[in-house]
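Hello,

Here is the structure I promised to pass on.

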Amino acid sequence: DFIQTELQDISPNYYGFIDQLVAARGEAFLGPYYSTFTAHILHFLGYHSQVEQRPGFQEGKLNAYYYAPEEFKYVFRKGYRTIPSNELFEVIDTAYPMAWRDIDP
């Protein structure tokens, strides 16, 4: 409610995207593992980590965590990961460093 005056000329259809942009600019992020909304936030967060050279950017580390089963909870604190070759996650979990590394000339 405190930003309604700022959003009065913006269609509510854009609110989700605005939420993603705002979340990606934070110091840390926590999101659910099985979420494309979270994956998009992580793409933006990863991109900003490269541009701003945040701690761990060279290793692909993000200050991001999953609300998930224990085996997935800290995957972004471990740095670069390989994409699973025979799992459903290769389709829905697209938040890998290759999505934001070296995309600017």
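Let me begin where helix α3 begins: a side-chain oxygen of Ser-35 comes to within 3.2 Å of the backbone nitrogen of Phe-37. Before going further, please keep in mind that this is a predicted model, in which local features need pLDDT of at least 70 and side-chain atom pairs count only at pLDDT 80 or more, while totals for chains, interfaces and linings use all residues. Residues are numbered from 1 along each chain as its sequence is written, and side-chain values use heavy atoms, with hydrogens and water left out.

**Helix α3**

Helices (H or I, at least four residues) and strands (E, at least two) are DSSP runs, numbered from the N terminus. Helix α3 covers residues 36-51, and its 16 residues should span 22 Å at 1.5 Å a residue; the end C-alpha atoms are 23 Å apart, which agrees. The expected span is 1.5 Å times one less than the number of residues. Buried residues in α3 include Ile-41, Leu-42, Leu-45 and His-48, where buried means under 20% relative accessible area, exposed over 50% and partly exposed in between (1.4 Å probe, protein chains only). Among the elements covering the buried residues of α3 are α2 (15-24), β1 (29-32) and β2 (64-67). After the helix comes Gln-53, with a positive phi near 50°.

**The two strands**

β1 and β2 pair in the parallel sense over 4 bridges; two strands pair if DSSP finds at least two bridges between them. The chain gets from β1 to β2 through α3, and this β-α-β crossover is right-handed: with the strands pointing away from the viewer, the path from the first strand over the helix to the second runs clockwise. Phe-29 has Ala-64 as its bridge partner in β2, and Gly-31 has Tyr-66. In β1, Phe-29 and Gly-31 form the covered face, whereas Leu-30 and Pro-32 form the uncovered one.

**The core**

The largest nonpolar core has 12 residues, including Phe-29, Ile-41, Leu-42, Leu-45, Ala-64, Tyr-66 and Trp-100. Such a core is a set of buried Ala, Val, Leu, Ile, Met, Phe, Trp, Tyr and Cys residues joined through side-chain atoms within 4.5 Å. Its largest share, 3 residues, comes from α3. Leaving aside neighbours within four places in sequence, Phe-29 is in contact (heavy atoms within 4.5 Å) with residues including Ile-41, Leu-42, Leu-45 and Ala-64.

**The loop between α3 and β2**

Arg-54 is found in this loop, and at 19% relative accessibility Arg-54 counts as buried. A polar contact of 2.9 Å joins the side chains of Arg-54 and Glu-52; the term means a pair of N or O atoms within 3.5 Å, and within protein one must be able to donate a hydrogen and the other to accept it, with residues adjacent in sequence counting only if both atoms are side-chain atoms. Phe-57 lies in the loop as well and is buried, with a relative accessible area of 16%.

Best wishes
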